[in-house]
Structures are given as C-alpha cells and as structure tokens.
Amino acid sequence: QVQLVESGEGLVQPGGSLRLSCAASGFSLDYYVIGWFRQAPGKEREGVSCFRNNDRSTYYADSLKGRFTISRENANHTVYLQMNNLKPEDTGVYYCAADFPARLTARAMCVMLGGDYWGQGIQVTVSS
C-alpha cells in the first residue's frame, strides 16, 4: 500500500526557512515522479516542484525558482522541500504526491497536478 506522509509544518516569520519532508512507502523508489504542491487560502492547488527519478529531471514553478529546492534521500525513502526566504504568500497547505510507476514528466506532474497518490497535507504559515 502506497503511503506518503508529510511533516515539517509550522509557523515561520517572513524571510525564514522551513524544510518539509515526505516519507514514502509501499512503492519502489527506482522509477517514479514525486512532487510538492500547495494550496493557499481561497486559491487553487498549484505545483511547487516535481522530480522524476529515472532521468533526474526537476521542475520548479517559475515564481519559486531560487528559493525552494527539492531533494531526496533514497536510504530513508524521503523527499524534502527546502524553502528559504519565505514570504506571506507562501502560506498554505502543502502536499506531497507521487506518480508511480512513472508516466509523467516532472513538468507535467506539477503543471497538471498529476499523481496517483497524495499525502494528507500539512500547514505552512508565514507571518510576523
């Protein structure tokens, strides 16, 4: 059974940093696409960053390039989202999702909100 469990939620001041974790289980980490998505209050869900394992391709939303970094650690089956220089508009519920077996590109997964499996979502609040 595929499971994605996010952690690292919290309240942070503008300009601060936060690292989110997504612990994956129940599928092989050799051939997948995994990504982070978010939904701000009153807005639609959007793709933040997605990673395709077999070709190491990575996609970032244009507005987030340079501030957010996606990474993975296969040893503990975890994918991270490092978020720096956070802004109030980064506030929202953040989700981890996986496309397994991989059928989408990293860009397609983020843009199309693809993924067969989703985590429960965690709250990130950026406020002074």
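**Briefing: strands, cores and one buried aspartate**

In β3, V5 has A23 as its bridge partner. This is a predicted model, in which local features need pLDDT of at least 70 and side-chain atom pairs count only at pLDDT 80 or more, while totals for chains, interfaces and linings use all residues. Residues are numbered from 1 along each chain as its sequence is written, and side-chain values use heavy atoms, with hydrogens and water left out. Strands are DSSP runs (E, at least two residues), numbered from the N terminus. Two strands pair if DSSP finds at least two bridges between them.

**Confidence**

- The protein has a mean pLDDT of 93. This score is the predictor's confidence in each residue, from 0 to 100.
- In the protein, 98% of residues reach 70 or more.
- Confidence is lowest in β7, at a mean of 93, and highest in β11, at 98.

**The four-stranded sheet**

- Four strands form an open sheet in the order β1-β3-β8-β7, and the pairing is antiparallel.
- β1 (3-7) and β7 are the edge strands, and each pairs on one side only.
- Neighbouring strands of this sheet are turned by 20° against each other on average, direction ignored. Here the axes are lines fitted to C-alpha atoms, and angles run from 0 to 180 degrees between N-to-C directions.
- Five bridges link β1 with β3.
- Between β3 and β8 there are six bridges. R19 has Q82 in β8 as its bridge partner.
- β7 and β8 are also joined by six bridges. Opposite E73 stands T78 in β8.

**Pairing around β11**

- Strand β2 (residues 10-12) pairs with β11 in the parallel sense, over three bridges. L11 stands opposite T125 in β11.
- β9 and β11 run antiparallel and share three bridges. Opposite V93 stands Q123 in β11.
- Side chains alternate along β11. I122, V124 and V126 point to one face and are buried (under 20% relative accessible area, with exposed over 50% and partly exposed in between, for a 1.4 Å probe and protein chains only).

**Nonpolar cores**

- A nonpolar core is a set of buried Ala, Val, Leu, Ile, Met, Phe, Trp, Tyr and Cys residues joined through side-chain atoms within 4.5 Å.
- The largest one has 28 residues, of which L20, W36, M83 and Y94 touch the most other members.
- Elements giving two or more residues to this core include β4 (33-39), β5 (46-52) and β9 (92-99). β3 gives the most, with four residues.
- L20 has contacts beyond four places away in sequence, among them W36, V79, L81, M83, Y94, I122 and V124. Contact means heavy atoms within 4.5 Å.
- In soluble globular proteins, nonpolar side chains tend to be buried together.

**D99**

- D99 sits in strand β9.
- D99 counts as buried because its relative accessible area is 0%.
- Its side chain reaches the backbone nitrogen of R103 at 2.7 Å.
- Not counting residues up to four places away in sequence, D99 touches Y32, V33, L104, M109, G115 and D116.

Note on methods
Polar contact = N/O pair within 3.5 Å; in protein donor to acceptor, adjacent residues only side chain to side chain.
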